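Subject: Structure handover

Hello,

Here is the structure I promised to pass on. Please open it first, then read the notes below.

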Amino acid sequence: ACGRSASFQDRRGSSTETKMVQRLTYRRRHAYHTKSNRTRIVKTPGGRLVYQYVKKGGGFTTCPVSGARLNGLPARKSSDLKSNRLSRKNKTVHRAYGGHLSHAVVRERIIRAFLIEEQKIVKKVLKLQKAKDKAAAK
């Protein structure tokens, strides 16, 4: 037999029942098996098998400076993050630059700003000491 019949005889002569598998066709015009055309097979209440299209999952939000994944944020499509589908508490972290920069980058920036301010104070103190020394020398 050519594989289309409901029953056939195997080589030993015993009869085995086989059921035809229902053929499935894409429901949209896109005919290639690509990442944007992923499907699942679902059984309808009427007993038919049909393709159900699966949306692509979004990626994790990453820090633009370090490239690290931001903790505390769900993996979502950027369109979901921009629109009002998610509330603000699901899009941010309660911290300065939360939801945009990683904690390590924020920490580094705070330390750098602190050290720059300290450096300015040291320069000022040295300038005053120099002026005092000059005044004492006269």
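A helix here is a DSSP run (H or I) of at least four residues, and helices are numbered from the N terminus. By that count, L115 lies in helix 2, residues 103-137. Please keep in mind that this is a predicted model.

**Overall layout**

The protein chain has 2 helices and 4 strands. From the N terminus, the order is β-β-β-β-α-α. Of its 138 residues, 11% count as buried. The chain exposes about 12,400 Å², and carbon and sulfur atoms supply 54% of that. Take the contacts between residues at least 6 apart in sequence: 25% of them join residues at least 24 apart.

**Helix 2**

How far apart are the end C-alpha atoms of helix 2? They are 51 Å apart.

**Salt bridges**

How many salt bridges does a search of the whole structure find? The search finds 3. Side chains of opposite charge can pair when their charged atoms come close.

- R112 and E108 meet in a salt bridge at 2.9 Å, N to O. They are 4 residues apart in helix 2, so about one helical turn separates them. R112 is partly exposed, at 45% relative accessible area. E108 is partly exposed too, at 46%.
- K120 pairs with E117, with the closest N and O atoms 3.6 Å apart. Both lie in helix 2, 3 residues apart, or about one turn. K120 is exposed at 51%, while E117 is partly exposed at 42%.
- R85 pairs with D80, with the closest N and O atoms 2.5 Å apart. R85 is exposed, at 62% relative accessibility. D80 is buried, at 14%.

On the spacing within a helix: an α-helix has 3.6 residues a turn, so residues three or four places apart point the same way.

**Aromatic rings**

The whole structure holds 2 aromatic pairs. In one of them, the rings of Y26 and Y51 have centres 5.4 Å apart and planes at 25°. Planes under 30 degrees apart count as stacked, so this pair is stacked. Y26 sits in the loop between strand 2 (15-17) and strand 3 (39-43), and Y51 in strand 4 (residues 49-53). The pair therefore ties together parts that are 25 residues apart in sequence.

Is Y51 buried or exposed? Y51 is buried, because its relative accessible area is 18% and the cut-off is under 20%. Y26 is partly exposed, at 25%. Y26, Y51 and Y53 form one aromatic cluster.

**The loop between the helices**

Two residues are worth a look here. S102 is in the loop between helix 1 (78-82) and helix 2. S102 counts as buried, at 7% relative accessibility. Leaving aside neighbours within four places in sequence, S102 is in contact with C63, S66, L70 and R95.

Y97 is also in the loop between helix 1 and helix 2. Most residues other than glycine have a negative phi. Y97 is not a glycine, yet it has a positive phi of about 60°. Y97 counts as partly exposed, at 49% relative accessibility.

Best wishes

Key. Residues numbered from 1 in each chain as written. Predicted model: local features only at pLDDT ≥ 70, side-chain atom pairs only at ≥ 80, totals over all residues. Heavy atoms only, no water. Buried < 20%, exposed > 50% of the residue type's maximum accessible area, 1.4 Å probe, protein only. Contact = heavy atoms within 4.5 Å. Expected span 1.5 Å × (residues − 1). Phe/Tyr/Trp six-rings, centres within 6.5 Å; stacked < 30°, edge-to-face > 60°. Areas by Shrake-Rupley, 256 points an atom, 1.4 Å probe, with all protein chains shown as cover. Salt bridge = Lys/Arg side-chain N within 4 Å of Asp/Glu carboxyl O.
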